[in-house]
Amino acid sequence: MRDTYNGMPATELAGVTWKKSQRSNSQGACVEVADLPGGAVAVRNSRFTGGPALIYTRPEIDAFIRGAKDGDFDYLLG
């Protein structure tokens, strides 16, 4: 796999396994994540599988997940 960068087409991340939450809705509006070689994590929109992928470091993903678990983003739920 070549070097990864934010906004790269997700189709260029060949060989990765994309996963989505079991809480994803039935309309396909889901966020999918994939482990990348070297430890980074890619995120994409499941409705646009060839669209841009956002690439995050493990510490960035860790901070986001811990924040979500702690309720830091609950205000977004209305």
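Two strands pair if DSSP finds at least two bridges between them. I kept that rule beside me while going through this predicted model.

**Ground rules.** I number residues from 1 along each chain as its sequence is written, and side-chain values use heavy atoms, without hydrogens or water. As the model is predicted, local features need pLDDT of at least 70 and side-chain atom pairs count only at pLDDT 80 or more, while totals for chains, interfaces and linings use all residues.

**Sheet.** I looked up the strands first; helices (H or I, at least four residues) and strands (E, at least two) are DSSP runs, numbered from the N terminus. Five strands make an open sheet, ordered 1-5-4-3-2, with antiparallel pairing. Strand 1 and strand 2 are the edge strands, each pairing on one side only. Strand 2 and strand 3 run antiparallel and are joined by two bridges. I also noted that Lys19 has Val33 in strand 3 as its bridge partner.

**Loop.** Next I went to Glu12, which sits in the loop between strand 1 (8-9) and strand 2 (19-20). Its relative accessible area is 30%, so Glu12 is partly exposed (buried is under 20%, exposed over 50%, partly exposed in between, with a 1.4 Å probe and protein chains only). Gly51 is 39 residues from Glu12 in sequence, yet their C-alpha atoms are 10 Å apart.

**Helix.** Helix 1 covers residues 58-69, twelve in number, and spans 16 Å from first C-alpha to last, close to the expected 16 Å (1.5 Å times one less than the number of residues). After helix 1 comes Gly71, with a positive phi near 90 degrees.

**Aromatics.** How many aromatic pairs does a search of the whole structure find? I got one. The ring centres of Phe64 and Phe73 are 5.1 Å apart and the planes lie at 25 degrees, so this pair is stacked (centres within 6.5 Å make a pair; planes under 30 degrees count as stacked, over 60 as edge-to-face, the rest as tilted). Phe64 is partly exposed at 49%, and Phe73 is partly exposed at 30%.

Last, I checked the largest pocket, with a volume of about 900 Å³ (a pocket is an open set of points on a 1 Å grid with protein on both sides within 12 Å along at least five of seven lines; lining residues have an atom within 4 Å of a point; the volume is the space filled by probe spheres set on the points). Its lining has 25 residues, with Ser21, Val31, Val33, Phe64 and Ala68 nearest the centre. Helix 1 gives the largest share of the lining, five residues.

Methods
On a 1 Å grid over the protein atoms alone, a cavity is a set of points where a 1.4 Å probe fits but cannot get out, and a pocket is an open set with protein on both sides within 12 Å along at least five of seven lines; lining residues have an atom within 4 Å of a point. Rings of Phe, Tyr and Trp (its six-membered ring) pair if their centres lie within 6.5 Å; planes under 30 degrees apart count as stacked, over 60 as edge-to-face and the rest as tilted.
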